[in-house]
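Dear colleague,

A short account of the findings follows it.

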Amino acid sequence: MGDKEKKEQITPRRRFFTDMAHHIGLGTMGVLLWGGYAAKAKSNPLTLRPPAALDESDFLKRCIKCGLCAEACVNRPQNIDKDGHQKPGTLKMAKAGDSVTIGTPFFTPRDVPCFMCDDIPCVPACPTGALDIAKVTNPKTNELDFRMMDMGVAVVDVHSCIAFWGLQCDACYRACPLLDEAIKLVYNRNDRTGKHAFLEPVINPDVCTGCGLCEKACVTEKPAIFVLPREVAQGKAGDHYVKGWDKKDQLRVGNRKEEDITTHNERSKKKPLDYLNNNGLGL
Ligand code: SF4
Ligand code: SF4
Ligand code: SF4
């Protein structure tokens with residue numbers, strides 16, 4: 001049998017196996033890639049979960065990605081506008097590219113904040129306890145209490161909030177459903193002019209629920225007030241934190257000499273330049 005005939009005889013069989021191997025290969029590669037992607041597509045630490053969500057790791061164990069919370073949220077009667085059109089709900093189910101574990105619920109206050117519904121319909125809709133009704137049940141009345149929600153806490157970026165520049169703005173203050181409790185406007189004298197006052201928004205983290213109505217209302221292009229998960233906003237001592245002042249630290253302070261202080265920037269050791277009185281930048 002010549003080479004040509006041999007080739008013709010084995011080709012169909014070989015093609016069958018090659019095709020199969022090819023498909024299995026592609027399939028396996030697909031599974032591996034998806035597995036890798038799904039594992040990587042973990043929620044970023046700034047993800048805001050629905051009201052009454054368990055702590056992130058327990059939440060992920062319990063949530064079966066059914067979407068019933070998001071459905072309850074979008075179906076609340078207030079989501080139908082006066083022309084009968086459906087408005088988007090607060091809760092979204094994460095898709096590929098959301099940097100949130102795929103299929104889990106989250107919300108983005110600047111898009112749609114949480115409206116702190118009296119009956120909190122998203123929470124009882126959860127069939128697994130990933131949203132824990134006990135977290136929003138007032139023990140005194142045994143009723144749902146939206147004041148007990150804790151999705152995060154609002155923080156103000158004092159560098160971008162225009163109220164800290166001396167301009168009048170209270171949009172976030174007025175948008176807050178816990179008016180004059182979660183945000184207060186604090187009067188501060190403007191020492192520079194001596195005449196004007198600042199009315200600065202200040203958050204009470206013990207009252208703020210993280211609904212994000214303030215973030216939605218903020219007048220600056222990139223909101224100067226925004227909601228962060230509580231642990232991110234308020235910090236949490238690491239496991240390696242040791243309370244108290246170590247004897248070794250005391251010794252180090254005692255032994256330190258002024259010239260030991262080094263910086264990464266040599267310029268910072270020089271005297272600051274007085275731009276106004278020393279001929280500007282000299283450019
Ligand atoms: S409390 Fe209301 S607005 Fe907020 S997430 Fe639940 S259903 Fe949606
Ligand atoms: S997130 Fe903003 S609007 Fe909501 S309770 Fe806190 S301060 Fe008020
Ligand atoms: S709405 Fe925004 S800019 Fe205005 S006071 Fe609040 S945080 Fe500041």
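Please bear in mind that this is a predicted model.

I begin with the surroundings of the ligands. The shell around ligand 1 has 12 nonpolar residues, one polar and one charged. Altogether 14 residues surround ligand 1, and the closest are Cys73, Thr90, Cys114, Cys117 and Cys122. Around ligand 2 there are 15 residues, of which Cys176, Ala182, Cys208, Cys211 and Cys214 are the closest; by class, this shell holds 12 nonpolar, three polar and no charged residues.

As to the chain, seven helices and eight strands are present. Buried residues account for 23% of its 283 residues.

The largest nonpolar core comprises 44 residues, and those touching the most other members are Cys69, Cys122, Leu131, Cys214 and Ile225. Two or more residues of this core come from each of helix H3 (68–74), strand E5 (153–156), helix H4 (171–175), helix H5 (213–217) and strand E8 (225–228). Helix H3 provides the largest share, four residues. Both domain 1 (33–151) and domain 2 (152–233) contribute at least three residues to this core.

Which residues does Leu131 touch, leaving aside those up to four places away in sequence? They are Pro50, Pro51, Ala52, Ala53, Cys69, Cys122, Val123 and Cys126.

With kind regards

Conventions. Residues numbered from 1 in each chain as written. Chains lettered and ligands numbered in written order. Predicted model: local features only at pLDDT ≥ 70, side-chain atom pairs only at ≥ 80, totals over all residues. Near = placed C-beta within 6 Å. Nonpolar A, V, L, I, M, F, W, Y, C, P; charged D, E, K, R; others polar. Buried ≥ 20, exposed ≤ 12 C-beta atoms within 10 Å, placed from the backbone. Core = buried A, V, L, I, M, F, W, Y, C linked by C-beta atoms within 7 Å. Domains from an automatic or database assignment. Contact = placed C-beta atoms within 7 Å.
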